[in-house]
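Hi,

Here is the structure I promised to pass on. Please have it open while you read; my notes follow below.

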Amino acid sequence: MRRTATAVRTLLTALLMAACGGDDDSGQSKAGTDKGPMILATTTSTQDSGLLDDLVPRFQEDSGCSVKTIAVGSGEALELGEKGNADVLLVHSPEAEQEYMDSGHGVSRKAVMHNDFVVVGPADDPAGIKGGDSAAEAFTGIAKTEAPFASRADESGTNTKELSLWEAAGIEPKASWYIETGQGMGETLTITSQKQAYTLSDRGTFLAADNLDLDLLVEGGTDLLNPYHVIVVEGENVDRACAQEFLDWITSPKIQDEIAQFGVAEYGEPLFIPDAEG
Amino acid sequence: MDAVLEVLGRSAFVSLSATAIALVLGVPVGTWLALARRRGSGVLATAVNTGMAIPTVVVGLVVALLLWRSGPLGDLELIYTLRGMIIAQVLIAAPLIAGITMAGLQALPAELPDQLRALGANTPQLVVRLWIEARVPLLAAAMAGFGHAISEVGSATIVGGNIHGQTQVMTTSIVEQVGKGDFNDALVYAAILLALAFTINAVLTSVQQRAAAWAQS
């Protein structure tokens, strides 16, 4: 019996050590960040573009809020917000966002920027879609020739967009040529390239990814717009002050100008077009 | 390069801390399982051995459900922190350490505990003597626990969040680079991570082999 008690005590001590003994990582955030930590849940596509690595440290300096950026799919980001596990969201899944706001999980929502989706595929283009500007037409061509198409199938903003495009084309993509990867945009582009399939990608991730044997085939259609919104989460544990400050900050003229310049030096074209009207 | 070293240091810190705590938890449990002859210990031994096979992503999910703000331990604010990651890795490494400890002690001559007791050893003296006899497998347990912790990516992603500059470790960084298609960077990080694992295991192995040589002399 005594041995059991000792074992229990050892266990508790060890757990306490884990809870208290670890390096105080909240103290590692930049000097002058005394508020927060605010959790920003955003999408892999914004993180992979490098935009947040640029903006978040600046926001920490300007606001004094320390930020933890979690990059997940838009679906998971909204889920984190719904449970109050994040304070502010930067997502691109307009219909799901509207639903989210309608069910009262958000305090406010504002347009930040957009980029666009592109349809990419093999250079020899077996479905003959190159040069078009309508995604729905391109998808119809792919389905008709049964050329392989890779879907992220991960409930991300890109995946939601892709499914709505199939619906607009009147096609139910359930066939052997329709590959569901269940992974992020970068991984899915790699799989698409290896299988010489088609896929829908946001422009930024496609431009930033190396080692791809894929061509940009369809771009510019109105059905390919990819708008990002910032949402302040509703919830009792939410750090609303920092979240609201982030919303105001990222939609301010100064930061909007910077978003417009982001990526120009590296890719020769901007990755995002600012959307907030002043 | 500074960024790589920072991430590398974080990996080493999290996994070494987790291994140390997992040793404190796992070795006593494994010892008890090896010595206990009472009902129920068989079930626990099976549970420990099953624990060695739990996917790290499942451990991560369960720990995250507990630590998220919406979870029962949300007030501790451990989600997306190094401490949270250490807790998850302790749960990953401890069953491995307990299992190998148990097997190592059971491999000792079966009559050894009774002989030591006949010589007048009390329980703490008995246990310490057995640990000294089994020091080679115990060091193997430490190395296996550390190896499991430093190489895992499932719980580090969910519990840590791969936050740049805060909770990003080598494995989650490699996954991010693969996701971006930066295979070159991913391979460089992988090589550096292996170099770290090699260094730490070289130290432990040299201790272990010296201990083994001493046992034979």
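This is a predicted model: local features need pLDDT of at least 70, side-chain atom pairs count only at pLDDT 80 or more; totals for chains, interfaces and linings use all residues.

S4 of chain A covers residues 106-121. Four bridges join S4(A) to S7(A), and the two run antiparallel. S7 of chain A is made of residues 199-202. Thr199(A) and Ser201(A) point one way from the strand. Leu200(A) and Asp202(A) point the other way. All of these residues are buried.

Next, Arg203(A). This residue is found in helix H9 of chain A, residues 203-208. Is Arg203(A) buried or exposed? Arg203(A) counts as buried, because there are 24 C-beta neighbours inside 10 Å; the cut-off for buried is 20 or more. Leaving aside residues up to four places away in sequence, Arg203(A) touches Asn115(A), Asp116(A), Val118(A) and Leu271(A). Ile171(A) is another matter: 32 residues separate Arg203(A) from Ile171(A) along the chain, and their C-alpha atoms are 24 Å apart.

Then a helix pair. H6 (residues 135-145) and H7 (residues 157-168) of chain A pack at an angle of about 75°. Their axes are 9 Å apart. That angle is why H6(A) is described as roughly perpendicular to H7(A). H6(A) brings Ala135(A), Ala136(A) and Phe139(A) to the contact. H7(A) brings Leu165(A), Trp166(A) and Ala168(A). By class, the contact has six nonpolar residues, no polar ones and no charged ones.

On to the two chains. How many residues does each chain put into the contact? Chain B gives 28 residues and chain A gives 33 residues. On the chain B side, helices H1 (2-35), H4 (82-106) and H9 (170-180) each supply at least two residues. The largest share, six residues, comes from H1(B). The residues on this side of chain B divide into 15 nonpolar, nine polar and four charged.

Last, chain A as a whole. Its secondary structure comes to twelve helices and ten strands. Of the 278 residues in chain A, 49% are buried. Among contacts in chain A with a separation of 6 or more, 76% are between residues 24 or more positions apart.

Best wishes

Key
Residues are numbered from 1 along each chain as its sequence is written. Chains are lettered from A and ligands numbered from 1 in the order in which they are written. A residue is buried if 20 or more other C-beta atoms lie within 10 Å of its own, exposed if 12 or fewer, and partly exposed in between; C-beta atoms are placed from the backbone. Two strands pair if DSSP finds at least two bridges between them. Axes are lines fitted to C-alpha atoms, for helices over the stretch in contact, and angles run from 0 to 180 degrees between N-to-C directions. Angles under 35 degrees count as roughly parallel, over 145 as roughly antiparallel, 65 to 115 as roughly perpendicular and the rest as oblique. Two residues are in contact if their C-beta atoms, placed from the backbone, lie within 7 Å. Ala, Val, Leu, Ile, Met, Phe, Trp, Tyr, Cys and Pro count as nonpolar, Asp, Glu, Lys and Arg as charged, and the others, Gly among them, as polar.
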